[in-house]
Amino acid sequence: MNFEISDKFVDRHIGPNQVELNEMLEEIGFKSTEELLDKVIHKSIRLKNEIDIGKEVSEFELLTDIKTIAKKNKVFKSFIGLGYYPTITPAVIQRNIFENPGWYTQYTPYQAEISQGRLEALLNYQTMVADLTALPLTNASLLDEATAAAEAMFMFYNSRKKDRKNSNVFLVADDIFPQTLDVLKTRANPIGIELRIVSIKDFELTDDIFGMIVQYPNADGEIIDYSDLFAKAEEKAIFKVVAADLLSLSLLKAPGEFGADCAVGSTQRFGVPMGFGGPHAGYFATKEMFKRQIPGRIIGVSVDSNGNPALRMALQTREQHIKREKATSNICTSQVLLAIMAGMYAVYHGPVGINNIATRINKLATLLAEVLQNTSVTQINKNYFDTIKLRFDNLDIVKTINKIAISKSINLRYIDEVTIGISISEMTLLDDIIEIANVIREAISESKISIDDVNAIKKLEESYNNSIKRESEYLTHKVFNSYHSETELMRYAKKLENKDLSLTTSMIPLGSCTMKLNAAAELYPVSWSEFNQLHPFAPVNQAEGYLELFKEFEEQICEITGFAAASIQPNSGAQGEYAGLMVIREYHKNRGDGHRNIVLIPSSAHGTNPASSVMAGNKVVLVACDDYGNVSLEDLKAKAEEHKDNLSAMMLTYPSTHGVFEHKVIDMCEIIHENGAQVYMDGANMNAQVGYTNPAIIGADVCHLNLHKTFAIPHGGGGPGVGPILVAKHLVEFLPGHSVVDINKSKSISAVSAAPWGSASVIPISYAYIKMMGSTGLKEATAAAIINANYIKAKLQNYFPVLYTGVNGNVGHELIFDIREFKVTAGIGVVDIAKRLMDYGYHAPTVSFPVGGTLMVEPTESESKVELDKFCDAMISISNEIKQIENNEMDKVDNPLKNAPHTCSEVTKDNWSHSYSREVAAFPFEQSREYKYWPSVGRVDDAYGDRNLVCSCLPISEYEGD
């Protein structure tokens with residue numbers, strides 16, 4: 001008898017059931033899954049043995065097991081600081097945004113008309129950052145504070161005037177966060193930047209310096225007034241970066257007010273849990289003169305086709321997909337979900353609430369210093385916000401304090417043998433202050449204090465000088481002064497959510513994006529305190545659950561990819577690319593081949609590949625593709641041999657971005673290896689490999705995975721993402737290390753992300769996905785993804801030409817439809833079809849990537865045959881509309897494609913001037929009558945938004961003009 005739980009997760013995750021899969025196979029022209037897969041994936045790269053992940057577990061069993069692992073983590077009260085602080089996530093934000101699939105299953109808002117909700121939330125975030133930093137131009141978040149600092153360094157290096165092109169020194173204060181310094185070291189060396197790390201008091205502004213960075217308050221909590229230093233730097237045309245605690249800026253003079261050119265930092269304190277290191281939204285604010293150089297995404301204000309204000313991502317020509325090897329950053333994602341949470345935290349609390357939170361933190365820190373006065377303890381910081389620095393007579397006292405504190409589940413920062421740092425947070429209570437004071441007083445043999453002693457203190461001294469006190473207003477916009485009750489914020493969040501199309505609405509068929517199911521059971525553990533309340537620099541013996549989970553997860557992905565070891569530190573796919581290339585670079589240097597700096601990249605590659613390569617100190621040589629979209633073996637061989645003495649690597653996406661498995665891929669890898677180089681595989685399309693082939697068998701030496709694609713982490717509207725790298729045995733010793741937590745291999749490169757394990761708190765999602773799918777389920781998911789793509793090809797190829805197929809006429813897990821002919825026959829371009837799909841209730845496929853004038857479709861394995869048929873019906877209906885234009889049955893200018901999308905207000909107004917009916921506009925096929933999604937704005941004017949750049953919340957009157 002079978003007593004196992006019968007409800008299998010794989011049946012919930014994979015959209016089509018077996019009957020539907022058989023029907024789709026028949027439509028494609030195959031009798032079985034294996035018959036199709038034999039045609040799609042060449043036998044030379046098929047796995048000889050099944051992957052060994054183990055048998056699948058049910059959702060109930062998974063959650064039980066992972067709870068057991070979570071309980072091995074010890075959640076102490078954290079006073080460590082160093083950029084990570086306990087914070088209170090308002091329940092209304094946790095419930096209605098963080099845990100809401102209407103928010104976390106959205107994609108990056110490239111299609112602005114169906115993204116107005118999260119665009120507004122991100123505009124709020126940008127306004128919050130701009131107000132607090134007093135710098136007018138901000139982006140929609142970066143990966144973390146350390147990455148933001150590195151991006152600032154790189155931006156200013158590329159912004160040097162002609163007469164300063166020989167200045168290559170970046171001056172770094174030695175009291176910045178150590179993890180930030182670690183990432184600066186990683187990023188500086190490959191591009192020829194020299195870091196000069198000295199104490200502020202020893203700064204000398206020599207002519208070889210192009211920029212500097214300081215911490216405000218510094219790593220030990222001291223607030224330094226940089227006004228005079230910055231004035232001198234301004235005279236010498238030296239760029240000035242401030243890494244600032246954003247919450248402190250509600251009390252302290254803003255960086256923009258004392259001469260900063262750029263402010264960077266983290267918004268983690270704004271309601272986002274520490275999560276053992278992430279994910280959190282790093283912020284980046286600068287002056288408007290750098291609007292063409294600023295990294296990341298910027299949300300700007302424009303107008304729609306009806307003349308109404310509308311939001312969009314501004315200045316997109318800066319993106320890597322367009323600039324490629326000329327890009328000044330490889331950042332292709334941000335931390336949207338976390339940025340939205342931080343912005344909503346500011347909306348919920350408003351300026352008064354934010355000020356109250358910061359003031360309370362400051363007063364508690366001041367109180368702790370006060371109750372330790374008149375003892376043998378010396379409090380060193382003269383000006384401080386939340387952190388006091390205590391020096392003791394001898395190291396035995398510090399050891400005693402540590403022992404007592406640990407016994408009371410308290411973590412302090414032990415700076416050196418006789419110095420302790422204590423950082424106060426929003427979660428600190430008065431009882432905590434008394435407890436910490438008594439831990440210290442006990443260690444120095446002083447009598448303990450009580451609440452009565454605290455109440456006897458009539459007045460606390462100011463902890464910082466008036467000269468650095470903030471006088472200017474912030475968060476003055478209406479949005480930060482309207483939604484302070486839970487009811488109001490709940491409704492505001494829901495209003496924004498309803499403007500957007502997410503996976504709760506319909507399939508999102510974006511090619512190269514893998515918008516698969518993010519199952520609720522996978523996401524449960526992310527909200528557990530055992531995972532989200534750990535400080536990343538807590539003693540590792542308090543994170544045994546995490547370490548166990550990391551170990552098993554790394555073993556899982558090594559088994560899936562065939563590689564020897566992994567690093568989960570990179571916190572985006574692009575960071576994974578960069579980390580992998582840096583590992584290859586270090587490998588060559590270690591062999592005495594440090595001159596190898598040529599990277600071959602196919603012309604079809606993902607746009608971040610050339611950008612990442614240049615940032616890693618390489619020169620890019622493009623390899624041509626043939627008429628079928630495959631990498632030209634002849635061109636690859638010729639260029640590999642031409643550059644053999646300096647060849648470092650080839651970057652290869654597999655299956656290709658054109659949606660096919662190139663059957664000569666092993667030959668490509670052999671050519672590279674024969675010429676002394678390494679093969680880097682971009683794992684963006686790993687969803688089509690799992691269980692059938694892997695990077696190692698193909699011949700790659702290193703690859704990254706997109707956990708937010710193949711392994712079910714939500715896209716979150718544009719982040720978080722995680723991009724772990726996996727390497728062959730000869731590269732293991734070079735995997736990224738960390739300066740604070742010792743995870744170093746024998747020859748590790750320095751860190752690529754701020755936290756040792758990157759965005760640690762979302763790793764349980766991918767771990768859960770793999771455990772619940774099991775070996776068989778993972779392979780079935782790959783097969784379903786490929787069947788779904790080929791089914792769409794079979795249904796639509798007579799209406800829209802398929803640009804590329806494999807040698808047997810099939811596609812992989814995605815496919816490209818060529819739309820270019822309709823521009824000639826009907827005046828209809830790819831954007832017109834993308835916008836018209838919104839009227840049908842669908843997000844557009846990927847537009848004009850990797851080939852201009854095309855649509856790339858990836859259905860994933862999670863979409864059912866019913867949903868695929870609906871999407872195909874919508875596309876066929878649009879094809880019929882194009883035919884009507886071609887036959888002059890519809891006007892070539894005034895037609896539903898050119899005017900799409902159509903809003904509710906537009907089709908219900910009294911005056912309807914179009915030559916087609918309102919019904920055609922709004923209800924173009926039967927399914928839209930059952931459930932109608934309404935875009936909230938008409939077609940957005942991109943050019944207007946770039947010409948009139950507005951990136952923060954201003955009164956509507958400010959947007960009006962020529």
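At 47% relative accessibility, Ala237 counts as partly exposed, a class between buried (under 20% relative accessible area) and exposed (over 50%), computed with a 1.4 Å probe and protein chains only. Ala237 sits in the loop between α10 (227-235) and β6 (239-244); helices (H or I, at least four residues) and strands (E, at least two) are DSSP runs, numbered from the N terminus. Its phi is near 55 degrees, a positive value in a residue other than glycine.

The model is predicted: local features need pLDDT of at least 70 and side-chain atom pairs pLDDT 80 or more, while totals for chains, interfaces and linings use all residues. Residues are numbered from 1 along each chain as its sequence is written, and side-chain values use heavy atoms, without hydrogens and water.

Ala134 also has a positive phi, of about 60 degrees. This residue is in the loop between α7 (116-133) and β2 (137-138) and is partly exposed, with a relative accessible area of 29%. Most residues other than glycine have a negative phi, and most peptide bonds are trans.

Phe849 and Pro850 are joined with omega about 5 degrees, and Pro850 lies in the loop between β24 (846-847) and β25 (854-857). From Ala900 to Pro901, omega is near -5 degrees; Pro901 belongs to the loop between α28 (865-886) and α29 (904-908).

For the protein chain as a whole, the secondary structure comes to 32 helices and 25 strands. The C-alpha trace spans about 90 × 75 × 70 Å along its principal axes, and 65% of the 962 residues count as buried.
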